[in-house]
Amino acid sequence: MKHYSVMRKFQFRVKRSSARSYWLICVGENCTWHFKATSINDSAMFKVRNLDKQHICSLMDNTFIQCKPTAMVVGSMVIPKYYDPKTIYTPKYIQFDMLSEHGVNLTYMQAWRAKEKALQFLRGHPADSYNKLPSYLYILEKTYPGSVVKLKKTDYDCFLYVFVAICTSISGWEYCRPVAVVDETFLKSTYRGIMLTASTMDAAGTILLLAYAVVDSENGTSWK
């Protein structure tokens with residue numbers, strides 16, 4: 001409903017909210033707009049019972065202009081922009097689109113927080129990914145026997161680094177040139193860090209990835 005109110009350019013307030021009913025009314029004085037929904041058989045699912053779409057107040061009054069939607073609301077509205085991981089959609093673009101399409105003027109930090117919320121809706125919280133690392137490494141070892149994987153944490157149970165060398169890359173080293181090139185790149189995720197790769201070249205000139213490691217550059221990303 002917050003998303004709907006931004007699209008329709010009005011404000012509402014909650015008149016009743018419980019496990020069985022949800023009732024909204026317009027903030028405009030004497031406005032007849034209202035929304036009512038009730039629980040279906042006392043479950044967590046609600047059904048809209050009544051919706052008056054007409055407003056008799058001025059939608060573009062000062063109360064709406066002064067209102068800023070939350071980062072969660074804006075984030076839910078821009079989720080489609082992040083379906084493709086290759087898409088570059090910066091907070092500046094969010095500011096521009098929200099102003100041109102919905103008349104909402106956001107600060108840069110508000111737009112930045114909205115972007116973070118949108119990515120969290122799509123991919124989950126970054127800390128949850130660290131929780132999945134032991135399971136991921138276990139599956140790697142079971143799927144590719146002979147692989148070398150190592151997860152290292154600090155004494156305070158914080159992520160330090162993870163190292164992976166797949167068995168096929170290990171066996172392929174025998175047929176490659178005895179020269180390994182080590183490279184690094186900075187990660188732009190929430191917790192940042194560095195990815196290190198070790199590569200070589202076979203007799204046909206094909207590059208073979210021998211191993212990779214992800215290292216926490218700030219010495220400890222907290223996770224359990």
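**Exercise 1.** Is C176 buried or exposed?

*Solution.* Start with the cut-offs: buried means under 20% relative accessible area, exposed over 50%, and partly exposed in between, using a 1.4 Å probe and protein chains only. C176 has 13% relative accessibility, so C176 counts as buried. C158, at 14%, counts as buried too.

A word on the source: this is a predicted model, where local features need pLDDT of at least 70, side-chain atom pairs count only at pLDDT 80 or more, and totals for chains, interfaces and linings use all residues. Residues are numbered from 1 along each chain as its sequence is written, and side-chain values use heavy atoms, leaving out hydrogens and water.

**Exercise 2.** Describe how helices α4 and α5 pack.

*Solution.* First, find the helices, which are DSSP runs (H or I, at least four residues) numbered from the N terminus: α4 covers residues 91-102 and α5 residues 108-123. Next, take their axes, lines fitted to C-alpha atoms over the stretch in contact, with angles from 0 to 180 degrees between N-to-C directions. The angle is about 105° and the axes are 8 Å apart. Angles of 65 to 115 degrees count as roughly perpendicular, so α4 and α5 are roughly perpendicular to each other. Finally, look at the contact (heavy atoms within 4.5 Å): P91, K92, I94 and Q95 in α4 meet Y108, A111, W112 and K115 in α5.

Key: Helices (H or I, at least four residues) and strands (E, at least two) are DSSP runs, numbered from the N terminus. Angles under 35 degrees count as roughly parallel, over 145 as roughly antiparallel, 65 to 115 as roughly perpendicular and the rest as oblique.
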